[in-house]
Amino acid sequence: MTPAARVAAAIDILDDIFAGTAAEKAISGWGRAHRFAGSKDRAAIRDHVFQALRCRASYAWIGGDDTGRGVMLGAMRASDEVAQVFTGEGYAPAAVESGEDGQPLTDADRATQLDTPDWLLPLFDDALGQQADDVLTLMQNRAGVFLRVNAAVTDRETAQAQLAQDDVSTIPVPDVKNALQVTENERRVANSAAYLNGFVELQDPSSQQAVNALMIEPRSTVLDYCAGGGGKALALAASGATVTAHDIDPRRTKDIQPRAQRAGVEIDIVLTENLNALDPFDMVFCDAPCSGSGTWRRAPQAKWALSQDRLNELVDIQQSVLNDASRFVKTGGRLVYATCSVFDVENSNQIAAFIEQSNDFLCESQTKITPSSVSDGFFFAVLRRI
């Protein structure tokens with residue numbers, strides 16, 4: 001496919017997404033219908049789509065319309081490639097017509113310039129203060145790919161050497177033990193020997209920082225209460241803990257056992273109806289459902305889909321998770337609450353409300369990790385049962 005044909009494909013996919021289809025489903029659906037597209041074509045189209053979603057508002061402003069064509073026209077104007085792409089030749093998008101002029105981005109309001117729904121700006125301002133604009137500008141760009149070296153089976157240098165054998169280049173992430181940033185050939189990671197042999201797992205440094213900060217004692221018992229696919233459970237197990245994983249939706253945990261086997265660790269999975277039969281844990285880790293606002297570089301469709309009603313619903317769910325999970329912490333044990341959100345309403349406000357209504361827990365620490373070039377946004381609080 002030509003570069004122009006890839007943009008045309010992105011336009012079609014974006015129109016599907018704007019009509020309500022999930023981004024991954026729209027991309028995979030296009031791929032099934034266009035099997036002639038090679039792997040490089042698919043990767044390039046995917047990159048176009050996700051960058052367009054990150055910058056949907058600003059691209060639509062300079063492209064003249066909030067449609068697939070308008071947003072991609074804005075993207076090409078931002079990179080000064082309109083003349084080469086919108087030619088109408090072959091499979092290229094049609095040439096630019098009268099009425100598709102768009103407007104200078106300098107004339108747009110702050111929310112449009114920063115590609116953020118305007119109702120969310122106060123939440124970012126409250127959470128980030130003077131850093132808000134810089135962080136939101138950073139989040140208009142793609143996040144890096146990061147790995148956690150599995151300390152249960154290898155060390156960072158050995159993992160780097162094995163990745164290099166598959167032409168995957170990495171560098172250590174400063175101040176985060178066992179974290180690597182992929183600098184070349186990130187799409188080869190999943191098929192690399194280092195990954196298949198359990199030497200590395202995909203995981204953002206912010207999540208790794210949280211687990212590292214907990215200073216897990218060997219053989220301490222840990223319940224990963226909202227385990228999902230098991231990323232945190234694997235990291236906790238690699239730290240030497242005896243880990244039990246739970247999720248209210250058991251379907252989310254289907255990948256944990258094969259991932260644990262690959263990583264050389266053991267993780268038990270428990271259903272909700274069986275939790276009460278277990279002994280209390282030294283630690284209960286709650287990676288609660290949240291807006292994901294600290295990770296919107298990776299899932300940009302989510303920021304446009306989030307509503308005030310949905311945020312309110314998430315806040316209620318988080319309160320329930322804290323209350324329910326606290327029952328499984330032994331006296332003297334720790335309850336860890338975490339989100340990948342930067343919003344205070346999902347983070348420090350939740351901790352304050354829980355402590356106010358609880359006579360059994362004290363807050364030992366709260367840590368907020370601001371999105372940066374080497375991490376997503378993340379929050380975690382450590383509570384001690386007295």
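Are F354 and F361 buried or exposed? F354 is buried, and F361 is buried as well. The close-up views below are taken from a predicted model.

**View 1. F124 and F343 form an edge-to-face aromatic pair.** The model holds six aromatic pairs. In the pair shown here, the ring centres of F124 and F343 are 4.9 Å apart and the planes stand at 75°. The two residues come from distant parts of the chain, 219 residues apart. F124 belongs to helix α8 (residues 121-128), while F343 lies in the loop between β9 (329-339) and α17 (348-357). F124 has 2% relative accessibility and therefore counts as buried, the cut-off being under 20%. F343, at 0%, also counts as buried. Together with W296, F124 and F343 make up one aromatic cluster.

**View 2. F354 and F361 form a tilted aromatic pair.**

**View 3. Arginine side chains sit over the rings of F18 and Y195.** The charged end of R56 is placed over the ring of F18, at 3.7 Å from the ring centre. R262 lies over the face of Y195, and the distance to the centre of that ring is 4.3 Å.

**View 4. Strand β9 pairs with β8 and with β11.** Strand β8 (residues 281-287) runs parallel to β9, and six bridges join the two. Among the residues paired here are F281 and its bridge partner in β9, V329. The pairing of β9 with strand β11 (residues 378-385) is antiparallel and also has six bridges. L335 has L383 of β11 as its bridge partner. Eight of the 11 residues of β9 are buried, so the strand is largely enclosed by the rest of the structure.

**View 5. The second largest pocket has a lining of 13 residues.** The space in this pocket comes to about 250 Å³. K177, N178, N212, A235 and S239 are the lining residues that lie nearest the centre of the pocket. At least two lining residues are supplied by each of β1 (146-149), α12 (205-213) and α13 (231-238). Helix α12 gives the largest share of the lining, with three residues. By residue type, the lining of the second largest pocket consists of seven nonpolar, four polar and two charged residues.

Technical notes:
Residues numbered from 1 in each chain as written. Predicted model: local features only at pLDDT ≥ 70, side-chain atom pairs only at ≥ 80, totals over all residues. Heavy atoms only, no water. Phe/Tyr/Trp six-rings, centres within 6.5 Å; stacked < 30°, edge-to-face > 60°. Helix = DSSP H or I, 4+ residues; strand = E, 2+ residues; numbered from the N terminus. Buried < 20%, exposed > 50% of the residue type's maximum accessible area, 1.4 Å probe, protein only. Lys NZ or Arg CZ within 6 Å of the ring centre and 35° of its normal. Pairing = 2+ DSSP bridges. 1 Å grid on protein atoms, 1.4 Å probe; cavity = no way out; pocket = protein on both sides within 12 Å on 5 of 7 lines; lining within 4 Å. Points joined across faces, edges and corners; volume = space filled by probe spheres on them. Nonpolar A, V, L, I, M, F, W, Y, C, P; charged D, E, K, R; others polar.
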